[in-house]
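This report is for a reader who is new to the structure shown below. It goes through single residues, a helix, the core and the aromatic rings in turn.

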Amino acid sequence: MRISYGKLRVPVHRIAGDDVFACEVSIEVLGENFAPAYTEGDNANVVATDTMKNFILREAAQYDGTALERFLAFVGERMIATYPVMEALRVSGRELRFD
């Protein structure tokens with residue numbers, strides 16, 4: 001059984017001087033450790049989707065670049081390190097226009 005869930009389209013906007021970084025980030029976490037949430041009602045290993053959103057926003061404040069791909073890798077690496085219950089994750093994003 002493949003268990004996954006996540007948070008879609010978290011808007012991230014950061015302005016530092018003349019640098020503007022705006023994107024939407026989606027994250028999907030995968031792992032057999034989440035099965036008890038579906039089969040037994042045990043959410044002990046589940047990371048709430050609002051926690052994922054807040055994690056992304058917090059990491060955006062720590063990230064000092066403006067490259068989307070590097071930011072996605074930065075968020076993914078830090079999330080896996082913070083939540084070892086996650087066996088794998090998919091992080092995707094798209095840049096937002098900031099006129």
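## Surroundings of Glu24

Beyond its neighbours within four places in sequence, Glu24 is in contact with Arg9, Val10, Pro11, Ser92, Gly93, Arg94 and Leu96. The model described here is predicted. Glu24 belongs to strand β2, which covers residues 19–30. Is Glu24 buried or exposed? Its relative accessibility is 16%, and because buried means under 20%, Glu24 counts as buried.

## Helix α2

Helix α2 runs over residues 49–62 and has 14 residues. From its first C-alpha to its last it reaches 20 Å, close to the 20 Å expected at 1.5 Å a residue. Its buried residues are Met52, Phe55, Ile56, Glu59 and Ala60. These cover an arc of only 135° around the axis, which puts them on the same side of α2. The elements that cover the buried residues of α2 include β1 (4–16), β2 and α3 (68–82).

## The nonpolar core

In soluble globular proteins, nonpolar side chains tend to be buried together. The largest nonpolar core of this model has 26 residues. Within this core, the residues with the most contacts are Val12, Ile56, Phe71 and Met86. At least two core residues are supplied by each of β1, β2, α2 and α3. The largest share, 6 residues, comes from α3.

Leaving out residues up to four places away in sequence, Val12 touches Phe21, Ala22, Cys23, Val25, Ile56, Leu57, Ala60 and Phe71.

## Aromatic rings

The structure holds 6 aromatic pairs. One of them joins Tyr63 and Phe74 in a tilted arrangement, with 5.5 Å centre to centre and 45° between the planes. Tyr63 lies in the loop between α2 and α3 and Phe74 in helix α3, so the pair ties together parts that are 11 residues apart in sequence. Tyr63 and Phe74 are both buried. Ring pairs also link Phe21, Tyr63, Phe71 and Phe74 into a cluster.

## An exposed loop residue

Ala44 is found in the loop between α1 (35–39) and α2. With a relative accessible area of 64%, Ala44 is exposed.

| Residue | Relative accessibility | State |
|---|---|---|
| Glu24 | 16% | buried |
| Ala44 | 64% | exposed |

Key:
Residues numbered from 1 in each chain as written. Predicted model: local features only at pLDDT ≥ 70, side-chain atom pairs only at ≥ 80, totals over all residues. Heavy atoms only, no water. Helix = DSSP H or I, 4+ residues; strand = E, 2+ residues; numbered from the N terminus. Buried < 20%, exposed > 50% of the residue type's maximum accessible area, 1.4 Å probe, protein only. Contact = heavy atoms within 4.5 Å. Expected span 1.5 Å × (residues − 1). Arc of directions from axis to C-beta. Core = buried A, V, L, I, M, F, W, Y, C linked by side-chain atoms within 4.5 Å. Phe/Tyr/Trp six-rings, centres within 6.5 Å; stacked < 30°, edge-to-face > 60°.
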